[in-house]
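I opened my notebook to get to know a new structure. Come along and keep the picture beside you as you read.

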Amino acid sequence: MAQTRIPAETRTEFGKGAARRTRRAGKIPAVLYGHGTDPVHLSLPSLEFAAVVREQGRNAVLELDVAGSAPQLALTKTVVVHPLRPYVEHVDLLVIKRGEKVEVELNVVVSGDAAPGSLVTQDMNTVLVEADALNIPESIEVSVEDAAIGTQVYAKDLKLPGGVELRTDEEYLVVQVVPAPTEEDLEAEVDTEGAGVVEDPSDEEQAEASEESAEGASDEAAEGDSEK
């Protein structure tokens with residue numbers, strides 16, 4: 001994975017208001033930390049950072065170009081995206097050095113078609129590995145091409161690139177091939193969901209009585225206020 005050089009500026013204002021102003025200026029608030037150094041508050045250009053993440057994925061490596069400082073290598077650790085709007089709210093960056101190893105999570109990508117009449121289920125979407133900071137794989141691929149029903153792939157079965165070591169428990173189940181549900185299974189599931197839950201009439205009556213009592217108390221309080 002090649003690192004991408006990106007300009008960065010130090011931030012002197014903090015808090016929600018300052019973060020909003022930073023984002024309105026087309027930049028992303030970020031914090032750089034690690035290797036025993038004090039956290040450094042930065043702002044990154046939104047469009048350039050988004051392009052790097054699209055190209056490199058969740059473990060993007062940046063070469064930060066901060067005015068007045070030597071270029072600094074950093075690994076993207078956390079990207080906080082707004083829950084409703086398509087923009088990045090905040091980024092956490094980890095200081096890294098050439099030749100060191102870091103622990104990162106990699107996406108598990110399932111490829112291929114299993115045997116007819118089967119269904120592929122994925123129990124883990126990511127696995128934790130240790131890799132060279134500048135040679136982090138984009139993902140780990142699991143092929144289920146022609147895999148028979150009953151096939152199970154554990155973390156220990158994953159084919160990792162050279163220099164990459166597994167840190168997730170090797171006995172964790174990652175992918176398995178199970179029998180596909182039949183029409184009868186699906187119909188039975190629909191019937192079960194449609195059955196619903198029958199409410200106890202007494203509970204409903206108690207709820208209505210409580211509601212009426214509350215409304216009455218509210219009315220009495222209102223009348224009392226008007227008489228004063």
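I looked up what covers the buried residues of H1, and the cover includes E2 and E3; contact here means heavy atoms within 4.5 Å. Helices (H or I, at least four residues) and strands (E, at least two) are DSSP runs, numbered from the N terminus. This is a predicted model, in which local features need pLDDT of at least 70 and side-chain atom pairs count only at pLDDT 80 or more, while totals for chains, interfaces and linings use all residues. Residues are numbered from 1 along each chain as its sequence is written, and side-chain values use heavy atoms, with hydrogens and water left out.

**Entry: helix H1**

I noted Ala18, Ala19 and Thr22 as the buried residues of H1, which spans residues 16-24. Buried means under 20% relative accessible area, exposed over 50%, and partly exposed in between (1.4 Å probe, protein chains only). Lys16 and Arg24 are exposed on the face turned away from the buried side of H1. Just after H1, I found Gly26 with a positive phi of about 80°.

**Entry: helix H2**

Next I took H2 (residues 46-56), where the buried residues are Phe49, Val52 and Gln56. Their arc around the axis is only 60°, so they lie on the same side of H2. Leu47, Arg54 and Glu55 are exposed on the other side. The cover over the buried residues of H2 includes E1, E2 (27-34), E3, E4, E5 (72-81) and E6 (88-95).

**Entry: the partners of E1**

Which way do E1 and E4 pair, parallel or antiparallel? I found E1 (residues 4-10) and E4 (residues 61-66) parallel, over five bridges; two strands pair if DSSP finds at least two bridges between them. Arg5 has Glu63 of E4 as its bridge partner. With E3 (residues 37-45), E1 pairs in the antiparallel sense over two bridges, and Thr10 stands opposite Leu42 there.

**Entry: a sheet of three strands**

I also traced an open sheet with antiparallel pairing in the order E8-E13-E11. E8 (118-122) and E11 (152-154) are at its edges with a single partner strand each, so one side of each has no neighbour in the sheet. E11 and E13 (residues 173-179) are joined by three bridges, and Gln152 stands opposite Gln176 in E13.

**Entry: the cores**

A nonpolar core is a set of buried Ala, Val, Leu, Ile, Met, Phe, Trp, Tyr and Cys residues joined through side-chain atoms within 4.5 Å. The largest has 28 residues, and Leu75 and Ile96 have the most contacts inside it. E5, E7 (101-111), E9, E10 and E13 each supply at least two of its residues, and E7 gives the most, with four. Apart from this core lies another of 18 residues, among them Ile28, Leu42, Leu62 and Leu93.

**Entry: Glu138**

Is Glu138 buried or exposed? I put Glu138 down as exposed, because its relative accessibility is 57%. Glu138 lies in the loop between E9 (126-132) and E10 (139-143). Beyond neighbours within four places in sequence, Glu138 is in contact with Glu55, Gln56 and Asn107.

Conventions:
Arc of directions from axis to C-beta.
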